[in-house]
Amino acid sequence: MKDLAPIRLQKHLADAGVCSRRAAEVLIAQGEVWVNGQRAVPGQKVTPGSDKVTVSGKAVRTAAQPRVTLAMHKPRGLICSNDDPHHDETIFTVLPREFARLRFFCAGRLDKESEGLVILTTDGDL
C-alpha cells in the first residue's frame with residue numbers, strides 16, 4: 001500500500017471508524033492512543049499505512065472506511081444518536097447487517113416521537 005500524506009491523529013481515528021474526532025481527542029488526552037509504541041500527544045500527525053496506531057491496546061486499521069450515505073425512514077420510538085445510555089434502540093440498531101461494521105452519523109436529527117426521512121453517512125465532511 002502506498003504511503004499517504006501525514007494527517008492529524010484524531011482525523012485518522014475518525015476515518016478508520018474508531019470514534020469521532022472529539023472523542024479521539026479525549027482518548028489521546030487519557031493516554032489510550034499510542035503511535036509506533038509511543039504514547040500519542042494532542043496535535044500529533046501520523047502517516048496512514050506507515051505508522052502503527054493502537055487504541056486501548058487494539059490496532060487501528062489503516063484503510064479508511066468507505067464513504068456511504070443512506071436515506072432512511074426513521075420510525076417513531078427510535079432516537080438519532082450513536083449511543084445513549086437512556087435508550088436501547090437507536091436508528092442504527094435497525095440498519096441492515098451489511099452496514100453494521102461501518103460507523104454512521106446522522107446528518108440532522110429527528111426526535112424520538114417523530115418519523116420521517118433521515119440521512120445517515122460515514123462521510124464526516126458531509
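Modeller: Let's start at Glu115, which is partly exposed at 40% relative accessibility (buried means under 20% relative accessible area, exposed over 50%, partly exposed in between, with a 1.4 Å probe and protein chains only). This is a predicted model, so local features need pLDDT of at least 70 and side-chain atom pairs pLDDT 80 or more, while totals for chains, interfaces and linings use all residues. Numbering runs from 1 along each chain as its sequence is written, and side-chain values use heavy atoms, with hydrogens and water left out.

Colleague: Which residue forms a salt bridge with Glu115?

Modeller: Arg76 does, with the closest N and O atoms 2.5 Å apart. A salt bridge here is a side-chain nitrogen of Lys or Arg within 4 Å of a carboxyl oxygen of Asp or Glu.

Colleague: And where in the chain are Arg76 and Glu115?

Modeller: In distant parts, 39 residues apart: Arg76 is in the loop between strand E7 (69-74) and strand E8 (105-107), and Glu115 is in the loop between E8 and strand E9 (116-121). Helices (H or I, at least four residues) and strands (E, at least two) are DSSP runs numbered from the N terminus.

Colleague: Arg76, buried or exposed?

Modeller: Exposed, with a relative accessible area of 54%.

Colleague: How many salt bridges in the whole structure?

Modeller: The search finds 2. In one of them, the side chains of Asp15 and Lys11 meet at 2.9 Å, N to O. Both residues lie in helix H1 (residues 9-15), 4 residues apart, or about one turn of the helix. Asp15 is partly exposed at 27% relative accessibility, and Lys11 is partly exposed too, at 25%.

Colleague: Changing topic, what's the order of the open sheet of 4 strands?

Modeller: E3-E2-E5-E6, with antiparallel pairing. Strands pair if DSSP finds at least two bridges between them.

Colleague: Which strands stand at the edges?

Modeller: E3 (38-39) and E6 (58-59); each has a single partner strand, so one side of each has no neighbour in the sheet. Strand E2 (residues 33-35) and strand E5 (residues 53-55) pair over 3 bridges, antiparallel. Trp34 has Thr54 in E5 as its bridge partner.
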